[in-house]
Amino acid sequence: MTIVEVKNISYTYPDGIEVFKNISFKVAEGESLGIIGPNGAGKTTLLLALSGLINNSGEIIINGEIKSEKNINDIRKKISFVFQNPDDQLFMPHVEEDISFGLNKLGYSEEEINDIVKKSLNSAGLDGFELRSSHHLSLGQKKRVCLAAAFARSPEILLLDEPSNELDPGGRKELAGLIQDFKGTKLIVSHDLNMIGEICDNVMILNNSIIKAIGGSKKILSDKNLMESNSLEVPYIYR
Amino acid sequence: MRHSFWDHFSGLDTPVHRLSPGVKILFVILLVLILTILPGDYISFSALPLLLLLIIILIFSRVPVKHVVKRTLVILPLIIPVIVLNSIFMESGLSHSLILSVRSFLSIFSLVLLVSVTRFSDIMKTLSRWHFPRIMIMILSFMYRYFFLLTGEMEKMIRAVKLRSGGTGGSGIFKIYSQILAILFIKSYERAERVYHAMLMRGYDGNGGLQ
Ligand SMILES: Nc1ncnc2c1ncn2[C@@H]1O[C@H](COP(=O)(O)OP(=O)(O)OP(=O)(O)O)[C@@H](O)[C@H]1O
Ligand SMILES: [Mg+2]
């Protein structure tokens, strides 16, 4: 079943930069789609459009509903977004408050929330981090707290922007495992093509305002000509 | 990244730290109130006992005196203009200013002491239980959270300038610093937008409430 359908969307930033033009694609329920492309290709902007944080033209249909001003709050309840920079996302002083932010409005009671905080920290490998200050954490820990906060909302769709960026090889591997354990639909933006290859069923190449290719991970990632013509490189796992 | 950890000692386990946050907040509010409304003559002879009281609390809390004094002195410059203006424009300017400085120093000292012996989240929780406006608690939380980030970012930029200008000041340094300030402002503005996005995704409705 299709859970995300994008129909002919275009977006131009107010200062005139056209980020994408008439792009369309579908994501099936439970699928994990890797979104790749050079710097400035519009990957982050695409995730913003899916979450209704920018106003694109065209249609975005999530779970059968056309995204609009009216239903955006309901749509956002089904989506968790892990941003490129954890400092933008960890806005509360302590880990516990950050993870529990907004959970009450999903209908959980106080005890349930405490329980969820514990469980999601556990599933992100961060047992006992409840009272830590967000600004005293290492980057890898911050990234994992963001992931825990995303899991806490039990989303149907998980949007990840550069989750493994700047992590050491061990941290990267661990994070990839955590993401893989999440069973819902995933859209993962990353320059870490090895991770994309390991985690994603399908891959989409975004470049010069359009979708250059979309299809099975292995088929796309191992296509040397296609990859190089989009300033990308065939990842190690497919060489 | 180096930053000045204001709340560095708030996680200690001493009798003072274990005291209920509400009691400590009330104590500080009371103290600041007294310092504000007590007539000048009384300040001059109650200042020393008050300072002594604070220091005794400090000793019991095992927070280094240096830590609190240093943080207090960092904030004090913000008040100096007021004091200077005051001593110029008021009659009996100097003695009046002296008393104003004492009031400010002791008030700030007790506030710094409060955040050194109480976890910030406990202070916020208590204020929220006392039905403090939600929006104010949120603003305070954000100020606390992003204060570190902003000072860290500023330190990084100043270090970069120092490295590239060979460590010496020289002419044009003011221009550079004013540009740094401008960039910092733009960066904060853009960050604010991204943080706002992150909040919307978690159900924030833009009015201090949650969707
Ligand atoms: N707030 C903004 N205002 C104006 N232009 C922007 C803004 N944010 C991004 N852009 C521009 O839009 C284009 C796409 O940016 P986007 O951040 O979506 O790229 P990206 O694919 O995520 O790149 P990266 O891999 O570097 O993260 C870029 O040319 C960028 O300069
Ligand atoms: Mg990006």
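This is a predicted model: local features need pLDDT of at least 70, side-chain atom pairs count only at pLDDT 80 or more; totals for chains, interfaces and linings use all residues.
## Salt bridges overall

## Where the two chains meet

Let's begin at the boundary between the chains. On one side, 32 residues of chain A take part, and they are in contact with 28 residues of chain B. Together the two chains bury about 2800 Å², with carbon and sulfur atoms accounting for 60% of that area.

On chain A, the elements that give two or more residues to the side touching chain B are helix 2 (72-77), strand 6 (79-82), helix 3 (86-89) and helix 4 (95-100). Helix 4 of chain A gives the most, with 4 residues. By residue type, this side of chain A divides into 13 nonpolar, 11 polar and 8 charged residues.

## A network around A:Asp88

A:Asp88 comes up again here, as it is linked with B:Arg191 and B:Arg194 in a network of salt bridges. The N to O distance is 3.0 Å for B:Arg191 and A:Asp88, while the closest N and O atoms of B:Arg194 and A:Asp88 are 2.5 Å apart. The latter pair crosses between chains, running from helix 9 (residues 173-201) of chain B to helix 3 of chain A.

Is A:Asp88 buried or exposed? Its relative accessible area is 2%, so A:Asp88 is buried. B:Arg194, by contrast, has 33% relative accessibility and therefore counts as partly exposed.

## Two salt bridges within chain A

Within chain A, A:Glu59 and A:Lys7 form a salt bridge whose closest N and O atoms are 3.9 Å apart. This pair links distant parts of the chain: A:Glu59 lies in strand 4 (residues 57-62) and A:Lys7 in strand 1, 52 residues apart. Both partners are partly exposed, A:Glu59 at 30% relative accessibility and A:Lys7 at 36%.

A:Lys119 and A:Asp115 form another salt bridge, with 3.2 Å between the closest N and O atoms. Because these two residues are 4 residues apart in helix 5 (residues 110-123) of chain A, about one helical turn separates them. A:Lys119 is exposed, with a relative accessible area of 57%, whereas A:Asp115 is partly exposed at 40%.

In soluble globular proteins, nonpolar side chains tend to be buried together. Here the largest nonpolar core has 45 residues, and the members that touch the most others are A:Ile36, A:Ile99, A:Leu121, A:Leu147, A:Ile188, A:Ile205 and A:Met227. Helix 6 (residues 139-152) of chain A contributes the largest share of this core, 8 residues.

Beyond its neighbours within four places in sequence, A:Leu121 is in contact with several residues, including A:Val95, A:Ile99, A:Phe129 and A:Ala148. A second, separate core holds 44 residues, among them A:Val19, A:Leu48, A:Ile79 and B:Tyr146.

A:Asn8 sits in strand 1 (residues 2-12), and A:Asn22 belongs to strand 2 (residues 18-28). A:Asn8 is partly exposed at 44% relative accessibility, and A:Asn22 is partly exposed at 48%.

Definitions and conventions
Residues are numbered from 1 along each chain as its sequence is written. Chains are lettered from A and ligands numbered from 1 in the order in which they are written. Side-chain values use heavy atoms; hydrogens and water are left out. Contact means heavy atoms within 4.5 Å. Buried area is the accessible area (1.4 Å probe) that two parts lose on being put together, summed over both. A salt bridge is a side-chain nitrogen of Lys or Arg within 4 Å of a carboxyl oxygen of Asp or Glu. Ala, Val, Leu, Ile, Met, Phe, Trp, Tyr, Cys and Pro count as nonpolar, Asp, Glu, Lys and Arg as charged, and the others, Gly among them, as polar. A nonpolar core is a set of buried Ala, Val, Leu, Ile, Met, Phe, Trp, Tyr and Cys residues joined through side-chain atoms within 4.5 Å. Buried means under 20% relative accessible area, exposed over 50%, partly exposed in between (1.4 Å probe, protein chains only).
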